[in-house]
Amino acid sequence: MVIKRASVVIIGGGITGCSIAYNLAKMGCKNIVLFEKNSLASGATGRCAAGIRQQFGTEMNCILARESIKIFENLSQELDYDIELNQGGYLILAYTEKEVNQFKKNVALEQSLGIDARFITVEEAKEIVPPLNAEGVLAATFCPTDGHANPFNTNFAYAEAAQRLGVKIYNFTEVKEIKTENNRIVSVSTDRGEVFTPIVINAAGGYSGEIGKMAGVEIPVYSQRHQILITEPVDPLFRPMLMSFSGNFYCQQTPHGSIIMGFGDPNELKGYDIGSSWQFAREMAQKMTAVVPLLKEVSMVRQWSGLYNMSPDSQPIMGEHPQVNGFYLAVGYSGHGFMLAPVVSQLMAELILKGQTSIPIDKLDIGRFERGELIIEPSVV
Amino acid sequence: MKDEIIICRCEDITWGEIRQALEKGYTTLDEIKRITRAGMGRCQGTTCRRIILREIAKFCHKKIEEVAVPTFRPPTKPVKLGTLAGDDGD
């Protein structure tokens with residue numbers, strides 16, 4: 001190891017770790033080191049569907065998502081790398097009366113916060129997505145500024161911009177031990193040597209629980225496989241991300257032409273399995289060919305999976321750990337790490353360097369589980 | 001090899017694009033695939049994988065068998081979603 005001493009060590013080379021590295025460096029922090037046990041974007045970021053939405057059911061999530069989109073809109077310029085942002089909107093379909101009522105509330109909240117979402121009829125939904133089979137659809141919501149970006153490009157864009165600002169990124173370097181003394185971070189040992197540091201940021205995604213154990217604390221997160229598949233590229237069929245909570249699916253055509261789709265298996269076991277199953281491919285094909293019958297003629301070329309890092313209320317856990325000074329958590333994104341990264345990385349950098357954030361995130365602290373102050377977000381898959 | 005030579009025929013990725021990724025320090029097939037899209041098309045790298053592995057080996061002064069091979073992902077051949085949906089699992 002070339003570096004013996006760092007001001008901050010970040011664990012994890014996904015979008016969370018790389019964007020925090022960039023924002024810390026941009027705010028003037030020197031001597032930042034990032035460790036990634038594999039290569040950049042090899043974990044959840046490079047495996048995600050890369051959707052970006054502002055349609056949430058709690059004020060905090062709406063505000064975070066709204067601010068994240070604003071950063072995404074200028075990110076290609078800011079980082080000097082095309083992140084292939086495509087704002088084709090999110091069309092969220094309601095199949096039950098309960099959803100219709102919830103979506104009306106969501107839209108009222110979103111509009112009050114300046115998000116351009118609207119509640120629409122089935123006919124309007126068909127105008128936005130002409131190949132939609134609207135059978136069973138009662139209504140929908142649409143937000144035209146939601147969309148999608150290329151997760152690889154965004155991850156590499158942050159990493160390269162961070163490196164230009166002096167951040168040292170070590171790929172294929174696995175963290176083995178975190179030393180603490182009197183409840184303070186002292187050092188991080190990897191398979192390539194030890195670095196002394198007062199601050200460690202846990203951005204290890206699916207493996208953040210393991211990193212927590214190394215620092216001597218239990219983080220109430222678990223990992224869970226989510227599968228996904230992609231088709232061959234075809235001519236443009238529809239622009240928005242098509243999504244349903246009760247139907248349990250999401251599906252979007254990327255600017256490249258391929259169509260990406262996934263759903264969450266309620267019976268999925270907790271753990272680190274990232275294999276693929278034919279049962280998933282079959283059920284996915286059944287779901288999406290029913291919603292967009294044209295897709296019957298499109299071929300799947302690849303399927304894979306990645307890990308959601310789930311927290312008890314499916315909301316991120318952010319902030320300094322109350323028992324270990326200098327141990328910061330940016331974990332438990334529960335499937336929303338990519339879309340939130342631009343804003344939460346900025347807030348994490350503010351928290352670490354200034355001790356306060358421009359948007360309050362204190363509700364996302366790890367202490368909320370003990371206090372029983374869980375965040376109830378109705379609009380998650 | 002000339003920069004304009006197409007290495008990945010499904011995604012139209014040239015040697016120049018792959019060379020640039022290598023020179024930036026991305027020296028695994030997984031990284032090159034993620035940056036350039038080489039190997040992500042209809043044939044899933046059946047054609048270009050070996051060429052890129054050979055070039056990585058040359059660039060890194062390694063033997064080809066020392067270069068990490070990415071995960072092979074199903075299906076082996078493209079399958080229509082209609083065909084997949086119709087499979088009742090028997």
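**Exercise 1.** At roughly what angle do the axes of helix H1 (residues 15–26) of chain A and helix H6 (residues 151–164) of chain A cross?

*Solution.* The model is a predicted one.
- Step 1: the axes of H1(A) and H6(A) cross at roughly 35° and come within 8 Å.
- Step 2: the crossing of H1(A) past H6(A) is left-handed.
- Step 3: H1(A) contributes Ile15(A), Cys18(A), Ser19(A), Ala21(A), Tyr22(A) and Ala25(A) to the contact, while the residues from H6(A) include Pro151(A), Thr154(A), Asn155(A) and Tyr158(A).
- Step 4: by class, the residues of this contact are 10 nonpolar, three polar and no charged.

**Exercise 2.** Identify the residues that touch the most other members of the largest nonpolar core, and state which parts of chain A supply this core.

*Solution.* 
- Step 1: the largest nonpolar core holds 137 residues, and Val9(A), Ala21(A) and Val200(A) touch the most other members.
- Step 2: helix H9 (residues 337–354) of chain A gives the most to this core, namely 10 residues.
- Step 3: domain 1 and domain 2 of chain A each supply at least three residues to the core.
- Step 4: beyond its neighbours within four places in sequence, Val9(A) is in contact with Val33(A), Phe35(A), Val188(A), Val195(A), Thr197(A), Ile199(A) and Val200(A).
- Step 5: as general background, nonpolar side chains tend to be buried together in soluble globular proteins.

**Exercise 3.** Describe how the two assigned domains of chain A meet.

*Solution.* 
- Step 1: the assignment gives domain 1 (8–46 + 152–221 + 313–371) and domain 2 (87–146 + 222–309).
- Step 2: the C-alpha centres of domain 1 and domain 2 of chain A are 30 Å apart.
- Step 3: the contact involves 12 residues of domain 1 and eight residues of domain 2 of chain A.
- Step 4: the domain 1 side of this contact consists of four nonpolar, eight polar and no charged residues.

**Exercise 4.** How many residues of chain A are in contact with chain B?

*Solution.* 
- Step 1: 24 residues of chain A are in contact with 19 residues of chain B.
- Step 2: H6, helix H8 (278–291) and strand S17 (299–310) of chain A are the elements that give two or more residues to the chain A side.
- Step 3: that side divides into 11 nonpolar, eight polar and five charged residues.

**Exercise 5.** Is Asn309(A) buried or exposed?

*Solution.* 
- Step 1: Asn309(A) belongs to strand S17 of chain A.
- Step 2: burial requires 20 or more other C-beta atoms within 10 Å; Asn309(A) has 26 and is therefore buried.
- Step 3: apart from residues up to four places away in sequence, Asn309(A) touches several residues, among them Gly205(A), Ser208(A), Val221(A) and Tyr333(A).
- Step 4: the C-alpha atom of Asn309(A) is separated by 8.9 Å from that of Gly209(A), 100 residues apart along the chain.

Terms used: Residues are numbered from 1 along each chain as its sequence is written. Chains are lettered from A and ligands numbered from 1 in the order in which they are written. This is a predicted model: local features need pLDDT of at least 70, side-chain atom pairs count only at pLDDT 80 or more; totals for chains, interfaces and linings use all residues. A nonpolar core is a set of buried Ala, Val, Leu, Ile, Met, Phe, Trp, Tyr and Cys residues joined through C-beta atoms within 7 Å. A residue is buried if 20 or more other C-beta atoms lie within 10 Å of its own, exposed if 12 or fewer, and partly exposed in between; C-beta atoms are placed from the backbone. Helices (H or I, at least four residues) and strands (E, at least two) are DSSP runs, numbered from the N terminus. Domain bounds come from an automatic or database domain assignment. Two residues are in contact if their C-beta atoms, placed from the backbone, lie within 7 Å. Axes are lines fitted to C-alpha atoms, for helices over the stretch in contact, and angles run from 0 to 180 degrees between N-to-C directions. A crossing is left-handed if the near helix is turned anticlockwise from the far one by less than a right angle, and right-handed if clockwise. Ala, Val, Leu, Ile, Met, Phe, Trp, Tyr, Cys and Pro count as nonpolar, Asp, Glu, Lys and Arg as charged, and the others, Gly among them, as polar.
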